[in-house]
Amino acid sequence: MAEMQTAICFIDHQEHMLIDGRYLKDLEPATRNLIKADHPGAKVTDFICDHDLLKYQLMRVDGMVRSDVKQGQKINRRLTRAMQSDDYDIVDVNENLEKTLTMGQRVSDAVARFGGSWGFIGIFTFVLIAWMCVNGAGLFGIRFDPFPFILLNLALSCIAAIQAPIIMMSQNRAADRDRMNSENDYHVNLKSEHELRILHAKLDNLTQNQLPHTLEIQKLEIEILGQIRNELDELHRNHPDEFTENNEDSVKTRSDDSSAK
Ligand SMILES: [Zn+2]
């Protein structure tokens with residue numbers, strides 16, 4: 001057999017082949033720190049056998065999984081808290097205004113709506129022309145307001161004087177509606193921004209912590225599998241007879257089973 005280099009494991013103080021273990025300086029810093037926590041005197045030039053290393057690798061995997069779960073829970077708690085703390089009820093503006101409407105306000109709305117329509121202009125023009133025709137030309141022999149129509153002037157002034165405040169009342173209510181709408185919008189925006197920020201944190205945690213951890217765990221798993229294979233190979237080497245016998249036995253029993261059928 002070719003001469004194999006060996007080293008002494010600093011934990012169990014037994015001699016191992018170099019391929020059956022690693023020097024501490026070749027390990028991941030996190031795993032090395034775990035070993036140093038257990039063995040404060042360990043140096044980077046010390047050798048550790050795969051068998052003893054396995055325990056620390058499993059501890060490392062366990063630690064990563066646990067920290068990921070903890071971090072995920074923390075962010076979820078923040079999200080839940082943010083959802084619960086927002087006690088602002090979105091107001092249904094139309095329903096709210098409809099409920100608090102007084103009779104006067106209803107009338108002012110109706111007047112403002114009618115006063116701002118083509119129908120009103122048409123009717124008003126017709127009334128003006130009819131008034132002037134009746135009084136100017138003396139149609140039907142009536143002349144209750146002769147030229148220059150002083151009574152018509154008075155009537156027009158009165159209508160204008162009353163219409164202005166009615167329209168203003170209606171405009172005030174439109175302003176109320178706008179104010180409530182913008183208040184709703186503000187709160188919805190605030191809530192969205194808050195939730196977005198937490199989602200960002202969640203995504204950052206996923207890409208910056210959990211993904212690298214997953215890759216590291218995979219790497220450790222492959223290493224552990226390699227160690228298991230090495231140990232199996234060693235078993236094969238040390239006890240070749242047992243393995244071949246067992247294999248023959250199993251082959252024999254299998255053929256027995258098939259013949260029994
Ligand atoms: Zn050892």
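**A residue, then the helix contacts**

A: N94 is partly exposed, since its relative accessible area is 47% (buried means under 20%, exposed over 50%, and partly exposed in between, with a 1.4 Å probe and protein chains only). This is a predicted model, in which local features need pLDDT of at least 70 and side-chain atom pairs count only at pLDDT 80 or more, while totals for chains, interfaces and linings use all residues. Residues are numbered from 1 along each chain as its sequence is written, and side-chain values use heavy atoms, with hydrogens and water left out.

N94 sits in helix α3, residues 93-99 (helices are DSSP runs of H or I with at least four residues, numbered from the N terminus). Between the C-alpha atoms of N94 and H200 there are 35 Å, and the two are 106 residues apart along the chain.

Now to the helix contacts. The axes of α2 (residues 50-85) and α6 (residues 150-238) come within 10 Å and cross at roughly 165 degrees. Axes here are lines fitted to C-alpha atoms, for helices over the stretch in contact, and angles run from 0 to 180 degrees between N-to-C directions. α2 and α6 are therefore roughly antiparallel (over 145 degrees; under 35 is roughly parallel, 65 to 115 roughly perpendicular, and the rest oblique). Their crossing is left-handed, that is, the near helix is turned anticlockwise from the far one by less than a right angle; clockwise would be right-handed. The contact of α2 with α6 has 15 nonpolar, 13 polar and 9 charged residues. Ala, Val, Leu, Ile, Met, Phe, Trp, Tyr, Cys and Pro count as nonpolar, Asp, Glu, Lys and Arg as charged, and the others, Gly among them, as polar.

Helix α2 also packs against α1 (residues 29-38), at an angle of about 115 degrees with the axes 9 Å apart. This crossing of α1 and α2 is right-handed. On the α1 side, A30, T31, L34, I35 and D38 make the contact, and on the α2 side L53, K55, Y56, Q57, M59 and R60 do (contact means heavy atoms within 4.5 Å). By class, the contact of α1 with α2 has 6 nonpolar, 2 polar and 3 charged residues.

At 1% relative accessibility, Q57 is buried. Leaving out residues up to four places away in sequence, Q57 touches R22, T31, L220, E223, I224 and Q227.

Conventions. Helix = DSSP H or I, 4+ residues; strand = E, 2+ residues; numbered from the N terminus.
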